[in-house]
Amino acid sequence: FADARGPACNEKGEVLFADPAADKVYRLGADGKVSTLLEKSGGACAVAVGPKGEVFSVSEAAGKIECIDAGGTRRTVAEGVPGRALLARPDGSLYAAGAKLWLVRDGKATVVGDGPKRATGLACRPDQWLLAVADGASKWAYSYQINPDGTLANQERFFWLHVQDWDDDAGAESACYAQEGQLLIATRAGIQICADDGPTQVVLPMPDRSRVLGVCLGGANRDTLFA
């Protein structure tokens, strides 16, 4: 793949991810085989799986969020949203992140935050109380409290990422939460695992020290880490 990023896991444990350079969205099945889910994705750079199994994609270049339902029907959900990251919520709404943070509900995108310099990843705690937003232009991931209506409050630079001596930022990309509460973030140094109190506890480098763009927990039991 030219640029595998923005992954998400569906109820079967399959991992979906975008390749904006190839203009496609792929599906990695439980059998380890890769198939094409969406051709001509419009430059999709991240995907999310909704509560009904529908697949959402966001394109920073097109500024558009699209949806593919279980029957394969494709439709536009919202426009004017140049997002780099996407997260589906249990109530059917979405968070998108880019130059700003958007809440997308019923076809309407509302700005709910603009803290990070370059928001690149979104993850929600398993209890749906806090939203973590990775900042690709600093050593921080931000934390927000999620209000009942989906708006965000109490913005804080909370997760302190490890930065190599020769870097000015951690180069954070996508993020996901483990069921036990740890936050995993794809960074230039590898996958950084942060505890609930903020700092990075573990850095998992790739075997060939390559750059990590996406991170996702998948598999039938959600216990396999994909990067």
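Colleague: Is Phe-158 buried, exposed or partly exposed?
Modeller: Phe-158 counts as partly exposed, because its relative accessibility is 25%. Buried means under 20% relative accessible area, exposed over 50%, and partly exposed in between, with a 1.4 Å probe and protein chains only. Keep in mind that this is a predicted model: local features need pLDDT of at least 70, side-chain atom pairs count only at pLDDT 80 or more, and totals for chains, interfaces and linings use all residues. Residues are numbered from 1 along each chain as its sequence is written, and side-chain values use heavy atoms, with hydrogens and water left out.

Colleague: And Phe-159, buried or exposed?
Modeller: Phe-159 is buried, because its relative accessibility is 3%.

Colleague: How many aromatic pairs are there?
Modeller: Six. Rings of Phe, Tyr and Trp (its six-membered ring) pair if their centres lie within 6.5 Å; planes under 30 degrees apart are stacked, over 60 edge-to-face, the rest tilted. The rings of Phe-158 and Phe-159 have centres 5.0 Å apart and planes at 85°, so they pair edge-to-face. Elsewhere, Phe-1, Phe-17 and Tyr-26 make up one aromatic cluster.

Colleague: What does Ser-143 touch?
Modeller: Not counting residues up to four places away in sequence, its contacts include Leu-131, Phe-158 and Phe-159. Contact means heavy atoms within 4.5 Å. Ser-143 sits in strand β15, residues 140-146. Strands (E, at least two residues) are DSSP runs, numbered from the N terminus. Ser-143 is buried, because its relative accessibility is 9%.

Colleague: Now the inside. How many residues does the largest nonpolar core have?
Modeller: It has 17 residues, and Leu-131 and Tyr-144 are among those with the most contacts inside it. Such a core is a set of buried Ala, Val, Leu, Ile, Met, Phe, Trp, Tyr and Cys residues joined through side-chain atoms within 4.5 Å.

Colleague: Which strand gives the most to this core?
Modeller: β15, with four residues. Apart from this core lies another, of 15 residues, among them Ile-65 and Trp-102.

Colleague: Why would they gather like that?
Modeller: In soluble globular proteins, nonpolar side chains tend to be buried together.

Colleague: Switching to the surface. Which residues make the nonpolar patch of about 200 Å²?
Modeller: Val-202, Leu-204 and Leu-225. Nonpolar side chains (Val, Leu, Ile, Met, Phe, Trp, Tyr) are joined within 5 Å, like charges within 9 Å. Areas come from the Shrake-Rupley method with a 1.4 Å probe; for residues, only the protein chains shown count as cover.

Colleague: Where is Leu-225?
Modeller: In strand β22, residues 224-226. Leu-225 is partly exposed, with a relative accessible area of 33%.

Definitions and conventions
Patches are made of residues with over 30% relative accessible area and no salt bridge: like charges are joined within 9 Å, nonpolar side chains (Val, Leu, Ile, Met, Phe, Trp, Tyr) within 5 Å. A salt bridge is a side-chain nitrogen of Lys or Arg within 4 Å of a carboxyl oxygen of Asp or Glu.
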